[in-house]
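Hi,

Here is the structure I said I'd pass on.

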Amino acid sequence: MTLGVIMLVHTAFDRAEQMVRRWAEGGCPVVIHVDRNVEPATHDHFVHAISDLPDVRFASRSRCEWGTWGLVEATQSAATLMLDEFPSVSHVYLASGACMPLRPVSELEAYLARHPDTDFIESATTADVPWTVGGLDRERFTLRFPFAWKKNRKLFDLAVRLQQLVGYRRALPEGLVPHMGSQWWCLTRQTLEAILQDPKRPAYDRYFKSVWIPDESYYQSLVRMHARRVESKSLTLAKFDHQGKPHIFFDDHLELLQRSGCFVARKIWRDAELLFQTFPQPSAPDQIDAEPNTGAVDRLFSQAVERRTYGRPGLFMQSRFPSSDRQAVLTASPYAVLQGFDDIFPDFQRWLARRTGAEVHGHLFARDRVHFADGVELYRGGLSDHPRLRDYNPKMFLTNLIWNAREKHHCFQFGPADSQGICWTLAKDTNASIWVVTGAWSVPLFLSGRSASEVRAEAARLQRIENKFLKVLRSPQVRARVRIMSLAEFVEAPMDVLQTIIDEIAGHKGRAISEAPRMADIEGLAAFLQDLKNQGMHPFLTGDITALTVQTRRRQSRRKPYIVAGK
Amino acid sequence: MALSSDKGLPGLSGAYRLRWKRRRFLFRIWRKRHEITSIVDRTSDIRRDSILLFSTVRNEALRLPFFLAYYRKLGVTHFFFVDNESSDGTAEFLRQQPDVSLWHSAHSYRLSRFGMDWLGWLLWQFGHGHWCLTVDADELLVYPDCEARDLRNLTSWLDTKQRSSFGAVMVDLYPKGPLGGSSYRAGDDPTETLSWFDQGNYRSSIHAYYGNTWIQGGVRERVFFSDQPERSPTLNKTPLVRWNRRYTYVSSTHQMLPRHLHDSFDLEGKTKASGALLHTKFLPIIAEKSAEELERKQHFQNTTLYQDYHRRLASGITLWHKDAAYYDGPQKLVECGLMSKGDWV
């Protein structure tokens, strides 16, 4: 058996010449199609350069614009020439000047001999595979495309839009089921002859002339009517990015290509000297019969596409700057915002850190400085505790903080006395869970020992700020998980809430609370709040705190054995 | 890809204003063309696919040997230098290099927009159609996998992606001890002396007028500008551009016109490939240089703020802290999130 190679060339003629020689050295007759857009001088020079090779022919030249019929016409004339001129050819391989054989031709021929009567061509129905970039899959077969996509993008789009609008649909030739796939195939002589000599070919050609990107569908569809056995895969390794443009292989992909076991790869960077020197490379004796295995290549490139399309969540940098209106996730990992708890439990921060093992910060947004966990001045990654720096761009401060230690679960205290620039960011972030005990700011005011008349203004200010925050948290744009309870509600059953918080932060590692944090002594709080009311300042966010609520809590704490003041 | 209105496109009239702004810059560059005089002209060696480098230098004899070796290895084939009155033999050194064309200017660095007018004229004359790298002598460009792939790989890849610019963030490198406490000899790799950087304190936002990502932060802000974050140095740059006569840098290489050259990010969270400029400002000679800056008053804002900044630099403070990151190659910057691979595989 003999393998014949059709080579489409339009640029990088020095490399193309090298490739022609590679194929010819392997004993393959080569039919070359040079794009008609190529300058005559360049063309003549190229023809002259390989005139020493006996089994090389040149097909009549068509104009090959991307996505147009010219490409199919080129392969048709080249294939006809191949079949006529070289009767010994049993398989025809379609390649381009940027396709490089990775394994010797003999191994490829042996592979084809092991799969007799098989056509290797990627061919999938459009109904089943959403491959295409740009959204035109089914429609590329049912609309007409009079304008070149590359040159007249606007006219192209307009024509499509118009046809969609009036509901235009072309009739398909009878019996034809549209299939698509990689344009690089390897067909048997028999199949190729059947396609080229089909009496209905003029009708098919007429139809495909106005299909969009016919080089990815002409042979892919017709082969289904003539082939005895279709192996729907391309023997040419080609990878595409998210826009459908081919990835380029560089010198440092050498090992990857060696391991892939593929016969041919594209596109090779034209100056990848190492690759051109290394390949084709005979396989190790035990690997001569190896099937191509593209697993590693596939993984690498699909990772790249994913990286390009989604990026690393929670990272803001020069080439990734998602708008918060279009992204639900603003930070790199989940975190908890706790408002009011440290007012009620003076030692809350230490207690929570001990119970959960999480990274528990103090008031990150305090006005005096940033209170990082463990009170450090510089947090991971060089985050400064300077409040001006933080307030200059609070959102970036938070995303940086969490990105820098994204393996941890962060918790931080928040309150109406802190700077409030971060509120909307917190509310819009799905990674945030926000716990608010409303009115808890009254506890430190009460404990300060100052009279109601002295703290009245301060209480009113804090209440106003907290109320504003609550409004944000109740707005329909909120994506964070929010739990709001009043001080009165919380004091009635604090342990239930704390247990939920700990379960959420520590996950399966969370255990039943054996030791409760010490609550501030709030006996007399009810009277203090009543005093505030008497002053005309109604602390409505605290809920209804009466002497009784406070007492209930005290009784509870005595009754339940696991609530013991800190060891 | 066009910039969407979210990136602050100032509307039709704004676009028109920007167009005129760009023309004014080009006119200014043309008007100032006589401020530089050619010393050595080897531009006839430039081939069609040459990658060019443009830089203004003043007393950089210490950095230039490594700088040239580094960029030659990276694939730069021709260097354009404007020497601004060096007194340490910089001009003599450059004159002897086979791939350097040298100009001289005795005019004010500050009034030439920190050399951008001079380089602008050279870019206009020689850059058209080439990939051009515009960097200072203390900036070393890195990008993902740059150890295995040179600029010819990168630029031809950018060509296939139809990108005509490549962004890089400045990363200040510093030593472990006090500034000035280590030694550096000409030709050494500066990352051996300065091996540390701040990895996670950079702030990005979108510049409302020019539409670029505006990045501030890093060690200089942490140590010197905590009180005035709005004054802290801008770190985003677009050093590598397939040049066109109509392009112009606006403020250093931080911003340029037309705006689409900043289009290295998008609002959906997609990530393009990007690089970094290793900034070797804090080599031991910083003390000397800062003293000179105080004298010369040619830098960005001549405020007391900057005087204090230079005074502290001259006194040899320590920038290192225990969470500083150790630079052991470009991969490290990718892991920290300072640059990204995108679909550059």
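Asp188(B) is partly exposed at 25%.

Before going further, the ground rules. This is a predicted model, in which local features need pLDDT of at least 70 and side-chain atom pairs count only at pLDDT 80 or more, while totals for chains, interfaces and linings use all residues. Residues are numbered from 1 along each chain as its sequence is written, chains are lettered from A and ligands numbered from 1 in the order in which they are written, and side-chain values use heavy atoms, with hydrogens and water left out.

Back to the charges. Over all chains the count is 42 salt bridges. One of them pairs Asp14(A) with Arg270(A) at 3.0 Å, N to O. It ties together distant parts of the chain, 256 residues apart: Asp14(A) is in helix α1 (residues 13-25) of chain A, and Arg270(A) is in the loop between β12 (264-265) and α11 (273-278). (Helices, H or I with at least four residues, and strands, E with at least two, are DSSP runs numbered from the N terminus.) Both ends are partly exposed, Asp14(A) at 44% and Arg270(A) at 40%.

What happens between the chains? Chain A puts 47 residues into the contact and chain B 59, where contact means heavy atoms within 4.5 Å. Together they bury about 4,500 Å², 50% of it on carbon and sulfur atoms; that is the accessible area (1.4 Å probe) that two parts lose on being put together, summed over both. On the chain A side, Arg308(A), Gln318(A) and Phe321(A) lose the most area, together 18% of what that side buries. Four salt bridges cross this interface. One pair is Arg152(B) and Asp271(A), at 3.3 Å. Arg152(B) lies in helix α5 (residues 151-160) of chain B and Asp271(A) in the loop between β12 and α11 of chain A, so this pair joins two chains. Arg152(B) is partly exposed at 36%, and so is Asp271(A) at 32%.

Now for a strand. All five residues of β13 (residues 335-339) of chain A are buried: Tyr335(A), Val337(A) and Gln339(A) cover one side, Ala336(A) and Leu338(A) the other. β13(A) runs parallel to β17 (residues 410-414), joined by five bridges, with Ala336(A) opposite Cys411(A). Five bridges also join β13(A) to β18 (residues 432-438), again parallel, and there Gln339(A) has Val436(A) as its bridge partner. (Strands pair if DSSP finds at least two bridges between them.)

Finally, the rings. Tyr335(A) belongs to a ring cluster whose members include Phe412(A) and Phe414(A). Ring pairs involve Phe, Tyr and Trp (its six-membered ring) with centres within 6.5 Å; planes under 30 degrees apart count as stacked, over 60 as edge-to-face and the rest as tilted. Over all chains there are 52 aromatic pairs, among them a tilted one between Trp103(B) and Phe126(B), 5.9 Å centre to centre with 50° between the planes.

Cheers

Definitions and conventions: Buried means under 20% relative accessible area, exposed over 50%, partly exposed in between (1.4 Å probe, protein chains only). A salt bridge is a side-chain nitrogen of Lys or Arg within 4 Å of a carboxyl oxygen of Asp or Glu.
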